[in-house]
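Hello,

Here is the structure I promised to pass on to you. Have a look at it first, and then read my notes below.

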Amino acid sequence: MRATLERIHRDALAALEAARSEAEVEQLRIRFLGRKGELTEAVRGLRDVPKSDRPAVGAFLNDVKDDVERRIDSALGALRAAARDRQIAGERVDVTLPGRHHIPGHLHLISQTLDEMVDIFVGLGFSVAQGPDIEDDYHNFTALNVPADHPARDMQDTLFVGEEFLLRTHTSPVQIRVMEQCKPPLRVIAPGACYRHDDDVTHSPMFHQVEGFMVDRHVTFGDLKGVLTLALRRIFGDDTPLRFRASFFPFTEPSAEVDIGCVMCGGRASGCRVCKGTGWLEILGSGMIDPNVFEAVGYDPEAFSGFAFGLAVERVAMLKHQISDIRLFFANDIRFLRQF
Ligand SMILES: [Zn+2]
C-alpha cells in the first residue's frame, strides 16, 4: 500500500511538472483527487490494510493528498499569474508619448461680436426684438418713409423673393413691427441678418446689423448722442474719439453718421490707407425718427419723439480685430476662425 502511494505521488509530481496549461492542471486534479481519482480510490483501499497498520498508512495517505493538493493549487496560481503578466504586457501604455491635442470649439467671431453688442445695449435698458428675414415691401421700405418711386431705394440693392417679398435690406423693419404692436415708451434693439446684392472686400451679400431705437415723450438728439457715445466707447474702448456728422436717411430727420478715430493709424492727422487719409472711420448711421414713420405706425408725431440707429456687426468686428476682408468671416477657413 505504501509503495502504491509513493508511486501515485511520484506520478502526480511528474505530471504536474509537465502540465503547461490551467486546463491540464485541472485534468490532473480530477485524475488524482476526483471522485474516481487515484488517491480517492486509495482511501477506499484502506479497508484492506491490517488494522494495526491503518493509522500510519492513513497518515501517510493524508500527507500525500495534502501535498498533491497544495502543488496543484500553486501550479494553478503560477499559471494564472503568468497569463495576467502576458495580458498586462500586451496592454502596456507608453505614458511618455505625447497626448492627442483636442481643440475645443467656440462661437464664431460674428456671434461673439453680436453678443457683446447686445449685452451692452441690454445693460443700457434696451430689450431685444426680432423679425422675419423675408419681409414685405411695406415694412422694409414704405413704412420707413421710402415710397415706391423714392430714389433712396437705389441706395440698397435689394434681393427680391417673388413679386411681393424681399430679403430685408436692413433690420429697420423690426422697428416698424415693434411700434405697430407696442406703445411708447420703447427702448429696443433688433439684432439680425440683412441681405443686399453686394460683394467686395467690405460688403457681403449677407451681413448682420444691430438696429436700435428709443421712443418716448421727450427724446432728444442729446439722448441719441449720449447712448451711442456710451455704447461705442464700451465696444471700442474709453478713449475712442467720436464725431457725429450730418447725413441723410429717409427714415430719420435730422440724420447723423458717427465716425470713430481710425483704429489702424490712431486717428493721426495724415491718416492711413484704411481711413483714406482722414483719420476717421464711419461706424454707424443714426438720427431722430422721421414724423412720417411715426404716422405709419399710428403714433402722434407731436406727442412722441425718438431716435434710431443701425450698426453693422461685421464692420465692428473688422475694425476691432483689424480684419481687412469681410469674406474671411464666411469662408469657414478654420485657421482664421481659430484666432478668435
Ligand atoms: Zn487711419
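How many residues lie between strand 7 and strand 8 in the hairpin that they form? There are two residues between them. Before going further, please note that this is a predicted model: local features need pLDDT of at least 70, side-chain atom pairs count only at pLDDT 80 or more, and totals for chains, interfaces and linings use all residues. Residues are numbered from 1 along each chain as its sequence is written.

Strands here are DSSP runs of E with at least two residues, numbered from the N terminus, and two strands pair if DSSP finds at least two bridges between them. Leu242 sits opposite Ile260 of strand 8.

Both strands belong to an open sheet of seven strands with mixed pairing, in the order 1-5-6-10-9-8-7. Strand 1 (127–128) and strand 7 (242–249) are at the edges with a single partner strand each, so one side of each has no neighbour in the sheet. Strand 1 runs parallel to strand 5 (residues 186–195), joined by two bridges; Ser127 has Val188 as its bridge partner there.

Next, find Gly266 in the loop between strand 8 and strand 9 (280–289). Gly266 is exposed, with 11 other C-beta atoms within 10 Å (exposed means 12 or fewer, with C-beta atoms placed from the backbone).

Finally, the protein is divided into domain 1 (2–90) and domain 2 (109–337), with bounds from an automatic or database domain assignment. Their centres, taken over C-alpha atoms, are 94 Å apart.

Enjoy exploring!

Conventions:
Helix = DSSP H or I, 4+ residues; strand = E, 2+ residues; numbered from the N terminus. Buried ≥ 20, exposed ≤ 12 C-beta atoms within 10 Å, placed from the backbone.
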